[in-house]
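I open these entries to record what I looked up in the structure and in which order.

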Amino acid sequence: MSGEGQTDLRVFREEIRTWLEENNPGTPPPLDTVEMREWSSEWQRRQFDSGWAGIDWPVEYEGRGLSFLEQIVWFEEYVQSGLPVGHSCFVVALAHAGPTLIARGSDEQKATYLPPILRGETPWCQGFSEPGSGSDLASLTTRAEIDGDMLVVNGQKVWTSYAHLADFQELLVRTDPAAPKHKGITWVICDMRTPGIDVRPIRTIDGGAHFSEIFYEDVRIPIANVVDEINQGWSVAMSTLAIERGPAALDYQLGTLRDIDALVELAKQRQLLKNDELAARLSAVRAEGAALRSMTYLSVAEAKSGAAPSAMTTAVRTFWGELQHKVGRLAIDVLGSDSLELGTWSAYWLTQFSAGIAGGTKDIQKNIIGERALGLPR
Amino acid sequence: MNFVLSSEQLEVSTVAAKVLGQLVPFARLRELADAAEAGESALAIDEETWRHCAELGWFGLGIPASRGGVGCGPIEEVLLFVELGRHLAPGPFASTVIATWVASASGHHDLAAQFMDGSRRAGLVVDEFLVDAEPGGLVVQFEGMSCALCEVGALEQVPSVDASVRLARRDVRAVVARVDDPLLAGRAQLLISAMELGIAHAVLDMSVEYAKFRTQFDKPIGTFQAVKHRCADMAMRVHAARAQTLFAGYHVESRTPDAPFQAAAAKVTATRAAKLNTADNVQNHGAIGFTVEHDAGLFARRAHILEFALGGERVAGPTLLEPDRHRFETLPPPVAEWFDVAATR
């Protein structure tokens with residue numbers, strides 16, 4: 001949109017708003033089931049058909065090839081429309097696997113995997129964490145041995161969202177056990193229908209059933225599925241994590257601002273703003289919501305300017321997690337004993353416990369901030 | 001996040017840091033405070049230093065060149081005030097800059113010229129107190145969307161938590177000039193937010209340096225997670241306050257409808273950063289941080305004064321809670337330009 005200015009941006013925003021009003025699916029996505037995959041797939045396809053998928057993805061992979069400015073405007077309007085964000089089996093594909101392949105995949109991998117993601121055909125899941133490798137992710141031990149032009153994988157992954165619905169997985173495996181731990185890891189695309197993969201569900205404290213643990217027994221994956229080079233997986237994963245901690249989460253982060261707005265509205269309905277303590281906490285989370293957006297936009301702009309992602313990207317993620325903790329607790333205090341009944345806000349409260357854990361616990365993230373951004377000794 | 005700022009904008013920071021380091025190093029700050037406490041000086045800052053700052057154009061930084069100012073905007077003002085905060089510059093910098101806006105916008109051009117050339121200063125009304133007011137001088141008073149320049153009555157000094165800041169009981173007389181502008185209060189909040197940000201950042205740097213150098217149990221204390229995480233929390237607050245103050249600066253500059261909300265968010269975020277970081281900084285230093293010889297206390301005291309300037313959270317709160325939602329639709333043009341990069345990946 002270079003040189004066209006604000007008028008065109010307003011028109012673009014209006015176009016999105018109208019389209020969302022006319023095409024809103026109207027029903028919430030079913031939870032964690034095969035129907036969820038159908039619902040999400042259909043909704044993604046409808047966005048794709050109208051040119052709203054992959055707004056800033058390259059045209060050659062069926063994206064729109066526009067700037068990230070238009071992508072941001074889409075996220076803003078999407079969140080504002082009230083459509084659910086964050087719970088979809090396409091999240092990893094769209095926000096994570098896609099951008100990683102764009103950054104590090106071969107031309108053939110991009111041509112093969114990117115268009116089906118945008119068309120809503122292929123949900124992805126992530127295979128990073130293991131029972132023995134959480135915060136210390138680089139200690140992972142799921143083994144891949146080279147056998148001709150195949151990798152043979154044995155091991156276990158855990159905390160995998162939507163593994164039961166996914167077609168593909170971003171899988172981290174150890175290909176060189178003798179090398180230092182960061183140097184012997186490979187990032188490979190795993191087809192979830194390959195024989196030897198066993199997906200077992202894990203229920204979470206918020207009632208969710210989208211988590212799984214995954215067992216691999218002699219799973220044969222073509223070496224052609226390796227992204228970048230063998231033993232370069234840590235570097236690929238770090239570019240993925242940088243994406244995860246920054247722009248990929250932008251719509252969810254705006255979703256937290258919408259949650260805060262809903263909570264303020266609830267407090268107004270209950271005439272609780274005259275309670276000084278609640279009013280102060282509500283205005284503080286509103287301010288921190290605004291600050292989260294400002295931090296994220298700056299962080300995205302930094303990434304787009306070509307600057308190396310700074311360790312402060314981690315700070316945005318951690319700040320966001322702590323904000324969700326505050327919102328969850330505040331919701332309980334606004335509702336009082338009405339929160340005993342399982343409902344939207346009590347569910348939110350249960351879910352926010354994950355905000356200090358998912359994508360790396362806030363404890364390890366604060367180590368990263370201390371050591372990499374501030375230069376404190378290990 | 002310097003990548004979003006122009007080299008001219010960054011120059012404002014560089015010059016201010018250099019000048020303030022020379023004119024008011026902490027040793028000088030302590031001399032001025034001691035003189036004030038001993039009743040030897042009615043002023044928080046000496047005339048020579050003040051004139052020097054005036055010559056640099058600091059009091060007319062945001063006034064259009066056509067009206068005798070430097071012609072910069074809120075972003076440059078923020079960058080200047082971050083440095084004023086970081087150096088704990090004594091004197092009514094924020095209230096004099098606000099007074100210049102009011103005098104200039106209300107057509108009192110002679111008065112504006114006097115503020116800009118450093119021959120006059122203005123203090124600030126903070127609830128029942130006058131901050132850095134002078135005998136026979138003027139003070140800035142906010143009432144909702146309106147900002148007035150008023151004459152000071154009797155000046156009864158009271159002991160201040162921060163000896164570098166002169167405090168007197170409120171006695172306000174005739175209104176000399178008044179401006180009604182919904183953006184003025186927001187722009188003023190940004191000056192205070194910027195100083196709080198400067199303080200929050202200064203004490204972060206101080207804590208990190210100390211945590212690298214101070215050893216206990218044969219290790220730098222920065223290796224201990226309790227200290228490291230406290231420093232990380234301080235860094236997150238600085239990052240949030242900086243991003244929000246800058247973002248709000250663009251909203252004020254572009255005069256978006258969202259500007260008062262964004263500025264109030266900056267004030268709350270920066271106030272929390274300053275008050276929590278200055279407290280953590282004392283803790284990180286242990287007993288030495290509790291001594292008067294150490295600078296940690298100076299930062300805590302100044303942060304306390306600034307928390308209440310312009311009404312603090314009690315004024316910002318209603319502005320933040322009044323709208324039904326965060327508004328996304330008014331992206332200031334300079335912010336939009338950050339992302340206006342074609343898909344080249």
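I call a residue buried if 20 or more other C-beta atoms lie within 10 Å of its own, exposed if 12 or fewer, and partly exposed in between, with C-beta atoms placed from the backbone. By that count His182(A) is partly exposed, because 15 other C-beta atoms lie within 10 Å.

I note that this is a predicted model, in which local features need pLDDT of at least 70 and side-chain atom pairs count only at pLDDT 80 or more, while totals for chains, interfaces and linings use all residues. Residues are numbered from 1 along each chain as its sequence is written, and chains are lettered from A and ligands numbered from 1 in the order in which they are written.

**Entry: His182(A).** I placed His182(A) in the loop between β4 (168-174) and β5 (185-191) of chain A, where strands (E, at least two residues) and helices (H or I, at least four) are DSSP runs numbered from the N terminus. Leaving out residues up to four places away in sequence, His182(A) touches Ala138(A) and Trp234(A), a contact being two C-beta atoms, placed from the backbone, within 7 Å. I also looked up Gln232(A), 50 residues along the chain from His182(A), and found 8.6 Å between their C-alpha atoms.

**Entry: the contact of the chains.** Chain A gives 58 residues to the contact and chain B gives 44. On the side of chain A, α8(A) supplies the largest share, 19 residues. By class that side has 34 nonpolar, 13 polar and 11 charged residues, with Ala, Val, Leu, Ile, Met, Phe, Trp, Tyr, Cys and Pro taken as nonpolar, Asp, Glu, Lys and Arg as charged, and the others, Gly among them, as polar.

**Entry: one helix pair.** The axes of α8 (residues 276-304) of chain A and α9 (residues 259-285) of chain B come within 8 Å and cross at roughly 105°; axes are lines fitted to C-alpha atoms over the stretch in contact, and angles run from 0 to 180 degrees between N-to-C directions. The two helices are therefore roughly perpendicular, the class for 65 to 115 degrees, whereas under 35 is roughly parallel, over 145 roughly antiparallel and the rest oblique. The residues of this contact include Ala287(A) and Val268(B), and they divide into six nonpolar, three polar and two charged.

**Entry: chain B.** I find 12 helices and nine strands in chain B. Buried residues make up 54% of its 345 residues, and the C-alpha trace spans about 65 × 65 × 35 Å along its principal axes.
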